[in-house]
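Biologist: Could you take me through this structure? Please begin with any term that I shall need.

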Amino acid sequence: MNSLKVIFDVDTWQEIFGSIAKNKTRTVITVIGVLWGIFIYITLSGAAKGLDNGFDREFEDMAMNSMFVWPQRTSVPYAGFKVGRYPRFTLANVAQLKKKIPEIQYIAPRNARGVFGGSPPASVVYKEISRTYNIYGDFPDYTKISTKKIYKGGRFINEQDQENQRKVCVIGERTQEELFDEDENPLGKYIRINNVYFQVIGVHKYLEGGGFESDGDIFIPFNTFRNLYNSGEEVDWFTIAAYDDADVVAVEKNVKDVLKKIHKVAPEDERAFGSFNIGEVFNRISGFANGMTFLSLVVGLATIFAGVIGIGNILLISVKERTKELGVRRALGATPNEVRIQILLESVFLTVIAGVVGIILGAGVLAIINLFTQDLSDFPYTNPTVPIPLVIGALTTMVLLGTLIGLIPAQRAVSIKPIDALREE
Amino acid sequence: MIHISNLHKSYKMGDTSLHVLKGIDLQVQEGELVAIMGSSGSGKSTLLNILGMLDLADEGEYRLDDVLIKDLTETTAANYRNQFLGFVFQSFNLINYKNALENVALPLYYQGLGRKIRQQKAIEYLDKVGLKEWATHLPSELSGGEKQRVAIARALASEPKVLLADEPTGALDSKTSNEVMGLIQQINNEGKTILVVTHELDIAHMCKRIITLKDGVIVEDQKVEQVIAEVHV
């Protein structure tokens, strides 16, 4: 009988089922070893993927290579200035930065009230309702750095709004809920912000992970903000996006160096400007996620390996116990190859069954975890999946290992002469 | 059917060598029922093992149905055993997790026969030994005599040229021994060549010819008046 035919022969499998079913408890315990391995592997790498997806989601509304830069207090006396000065960014800095640093793709100056300590939020009135909300003065380019999803019908601030210093605003979902009736369309309505009427042009959908932003924020054109608060040329902070291929860490350093020069801050003063580099944080986090994936691969494979060795071990014992049976089979005409293939297939079969059950259980656990974490918006965990090629890869590895490890008991089974096997009691 | 000349076999036991068969010459014709007798250590089991191709002789010639049995690999030996020989053991050697039918069908599986034919033949031979009703029973649910009858059915199923029985009644009481020997006689009467190794004289006398081994040589070879086994069912 040729070996390929044997594998697809119903009778071969019947023989294998027969001998596996003979000792159910042992078979189950053996299978659990490998099952545990693949289960750990699937669960861990799925969880790692979930974390990875979760981090991606946290940052989905921000350009990956963007950063914020804001002024703080100087800590080094320089150019005749004392320590503890507050340098102020100005609109003129935008052109200066763009000129000096070609890696900058977009730069959006922002002003805000109510966000950081010191400035009160805007008081907003619509009909009889009066509330306070954080308010931002923004350039249209801001949406190219930080995506703002605007509900249907509305829009974000555009160039015309900016040029004409229009009194228009984009409000948050919460602002809409609190100020307007449920069935009232806020678009086109006028609300009073610090006693000035503004027309609502859009409602933005709140996205998690936007840092200090909230679902009540109101965005107005930068120039309008300037008039409203009389802030002149001043800019609270810059939001900067570098080109995709730029090194964000280097860009961040350059931006600070240029700003230090402009604002006469000591080059060695690390505390004069604060910054938050999303690109760098993102790189670090995705590095962490990659590490998790790698770790789960190593742990999973090691556990699978241990499990497969367990199968080999049990089959060795089983072959020893079945010495006589195998002797009888050979006396009845089983060739050494037939015996070998039978033991090998037992090994592979057990491994594959264990693998498939492990994958199913792992997928089940991932689904349950997903169910529980779905509604947790502050927990970075989304859609834990294991890519199919990895699953197939794991199964192939197991079949391979199962075959290799099965070779040992298979060889052992035929190394005893049938006559000695028959004599064994 | 069986031609053996000048067969020698010795086993190495550490430094010393044990010469078990010291030149056996034996001819067995088709349809004979031969008892091989001898005390333990006389070499009768060794002879049977060599006849059964489970062991190889050191020297001498062995022809089975005009096929020279020499320099066998494990694989060809397995194929010859499967085609030419049927084994009946003292301890039955049924596979305990297979039922009677599956046990009988096992050599047919190794012959590469299809599933239906195997089932059909196995039923046929179980019927022949009177155990058709017990086809689905496991060996543990059968008595010693029934087990041996299943084993005989299994040995016959592959339609071997020679049936080799090693102490087939060694583990049975005298009543069931009679039953089993009656079955063996019946099969022999249908023309099958059978060799029975035994150390019991009454069993030997149920055969047609008795060969007595002592210290590795044949000391006596006589045709005997066959005692018909009385079967009390």
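Modeller: Buried means under 20% relative accessible area, exposed over 50%, and partly exposed in between (1.4 Å probe, protein chains only). This is a predicted model, in which local features need pLDDT of at least 70 and side-chain atom pairs count only at pLDDT 80 or more, while totals for chains, interfaces and linings use all residues. Residues are numbered from 1 along each chain as its sequence is written, and side-chain values use heavy atoms, with hydrogens and water left out.

Biologist: Is D66(B) buried or exposed?

Modeller: D66(B) counts as exposed, at 62% relative accessibility. The phi of D66(B) is near 65 degrees, a positive value in a residue other than glycine.

Biologist: And what is the relative accessible area of N194(A)?

Modeller: N194(A) has 28%, and is therefore partly exposed. N194(A) also has a positive phi, of about 45 degrees, although it is not a glycine.

Biologist: Turning to the interface, how many residues of chain B are in contact with chain A?

Modeller: In chain B, 25 residues are in contact (heavy atoms within 4.5 Å) with 28 residues of chain A.

Biologist: How many salt bridges are there between chain B and chain A?

Modeller: The count is 1 salt bridge, where the term denotes a side-chain nitrogen of Lys or Arg within 4 Å of a carboxyl oxygen of Asp or Glu. R330(A) forms a salt bridge with E74(B), and their closest N and O atoms are 3.0 Å apart.

Note on methods: Chains lettered and ligands numbered in written order.
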